[in-house]
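Hi everyone, thanks for making time for this.

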Amino acid sequence: MTPSGAPEVALTLVIPLRAKAGMSLPDFYQYWLNAHVTLPPRFPGISSIWLHIVSFDHQRWPRLPGVSHRPEPQDEFHGVPEATFPTMADLELFQSYAHVQMVDGINFLGEVITYASVGDHSATMVDKLDDAAPDGHDDLVRHLLFLRRRADVPAGELRRFVTETLEPAWAGSPEVLKLRRHLFEPLEATLDHPGVVLYKPPELQYQAVVEVVVADEDALARFAASPAFTGTADGLAALCEGVHAARVDRCITTKDRGAITLAGVRGVAVADLIRRLEADSQRDEAVSALFLPELAGSAASAGGPTW
């Protein structure tokens, strides 16, 4: 919270992305992570960006009887960026600069569904990872659980269950290393990507997403057998027609609280190569100045880049 008591982040966007029709997934990931990825972090207004590479085929989350565990094939998505904005004015500022990013979407995206979570409707309940800016080099088991309410369940009832029942139970599990949730507003087209599908009908929208991270599959099995999970399973199943568990194959940070990362400047493949070869000269401020001179100046005054 800020000294005034207001949330530090006014808005968090969680954005499932579906690859363009006819595009292979390898080409989708190559373009997203190595061409498009360097655009959003450069624009003012946006504070933090995490990219989640996801797969429903790789999911390990325990299934609930009578509850859909993944979207229909035509509704599956392949990546989920998460972006934060300190104020609503920052969102407007970002939108005023980001036209080139938006028109680039048609090159690799078929669908962009932008869910908005306002203020403290996004919250991290547990974080034992001590890494606010992961670069995707870990062996943790991560899932994003997208929750879709049953038709006769009010959105507010699902929200209360998440915040008052599910969160306290799961947060108390020793197996859970990170627990973060977002409660969504009714869907609106917040970001305009020309030529890309931006909307889902109400019956296909999600009302919340919960991020759960555990150490490994054994830890997930222990969590699934624990009272923390079994004690909330029936309630979750009663409220949700879908608990769509997107396995996060990799989580990559491109901007961290205003500071652009190496992946955000150079793309994920180049950043990976620099790290693997320990090419420390590529992290020098003189090199960063070739790509982002205005950022290099501000980073130097603050004690250097966050790379």
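Let's begin at Phe85: leaving out neighbours within four places in sequence, Phe85 is in contact (heavy atoms within 4.5 Å) with Val9, Ala10, Leu11, Leu13, Gly45, Ile46, Asp90, Leu91 and Phe94. A word on the ground rules: this is a predicted model, where local features need pLDDT of at least 70, side-chain atom pairs count only at pLDDT 80 or more, and totals for chains, interfaces and linings use all residues. Residues are numbered from 1 along each chain as its sequence is written, and side-chain values use heavy atoms, with hydrogens and water left out.

Phe85 is one of the residues with the most contacts inside the largest nonpolar core, along with Phe28 and Trp32. That core has 33 residues. By nonpolar core I mean a set of buried Ala, Val, Leu, Ile, Met, Phe, Trp, Tyr and Cys residues joined through side-chain atoms within 4.5 Å. Buried is under 20% relative accessible area, exposed is over 50%, and partly exposed is in between, with a 1.4 Å probe and protein chains only. Helix α1, residues 25-34, gives the largest share of this core, with 4 residues. Helices here are DSSP runs of H or I with at least four residues, strands are runs of E with at least two, and both are numbered from the N terminus. There is also a second, separate core of 32 residues, and among its members are Val141, Leu145, Val210 and Leu239.

Now, a strand residue: is Thr12 buried or exposed? Thr12 sits in strand β1, residues 11-14, and at a relative accessible area of 1% Thr12 is buried. Setting aside residues up to four places away in sequence, Thr12 touches Glu82, Ala83, Thr84, Tyr115, Ala116, Ser117, Ser122, Arg180 and His182.

A cavity here comes from a 1 Å grid over the protein atoms alone: it is a set of points where a 1.4 Å probe fits but cannot get out, and lining residues have an atom within 4 Å of a point. Grid points are joined across faces, edges and corners, and a volume is the space filled by probe spheres set on the points.

How many cavities of 30 Å³ or more are there? The count is 4. The largest cavity has a volume of about 250 Å³. Its lining has 22 residues, with Ile15, His36, Pro40, Pro81 and Gln101 nearest the centre. Three strands, β3 (48-55), β4 (79-85) and β5 (109-112), each supply at least two lining residues, and the largest share, 3 residues, comes from β4. By class, that lining has 18 nonpolar, 4 polar and no charged residues. For the classes, Ala, Val, Leu, Ile, Met, Phe, Trp, Tyr, Cys and Pro are nonpolar, Asp, Glu, Lys and Arg are charged, and the others, Gly among them, are polar.

The second largest cavity holds about 90 Å³. Its lining divides into 7 nonpolar, no polar and 5 charged residues; including Arg18, Asp75, Glu111, Arg148 and Lys200, the lining also has Tyr115.

In α5, residues 217-225, the buried residues are Ala219, Leu220 and Phe223. They cover an arc of only 100° around the axis, taken from the directions from the helix axis to the C-beta atoms, so they are on the same side of α5. On the other side, Asp218 and Ala225 are exposed. The cover over the buried residues of α5 includes β8 (141-149), α4 (155-171), β10 (208-214) and α6 (227-239).

In α8, Val268, Ala271, Asp272 and Ile274 are buried. Seen down the axis, they fall within an arc of 165°, so they line one face of the helix. Their cover includes α1, β11 and α7 (262-266).

Last, some backbone angles. Most residues other than glycine have a negative phi. Just after α8, though, Glu278 takes a positive phi of about 55°. Glu278 lies in the loop between α8 (268-276) and α9 (285-291), and is exposed at a relative accessible area of 64%. Arg257 also has a positive phi, about 50°. Arg257 is in the loop between β11 (240-256) and β12 (259-260), and counts as exposed at 59% relative accessibility.

Definitions and conventions
1 Å grid on protein atoms, 1.4 Å probe; cavity = no way out; pocket = protein on both sides within 12 Å on 5 of 7 lines; lining within 4 Å.
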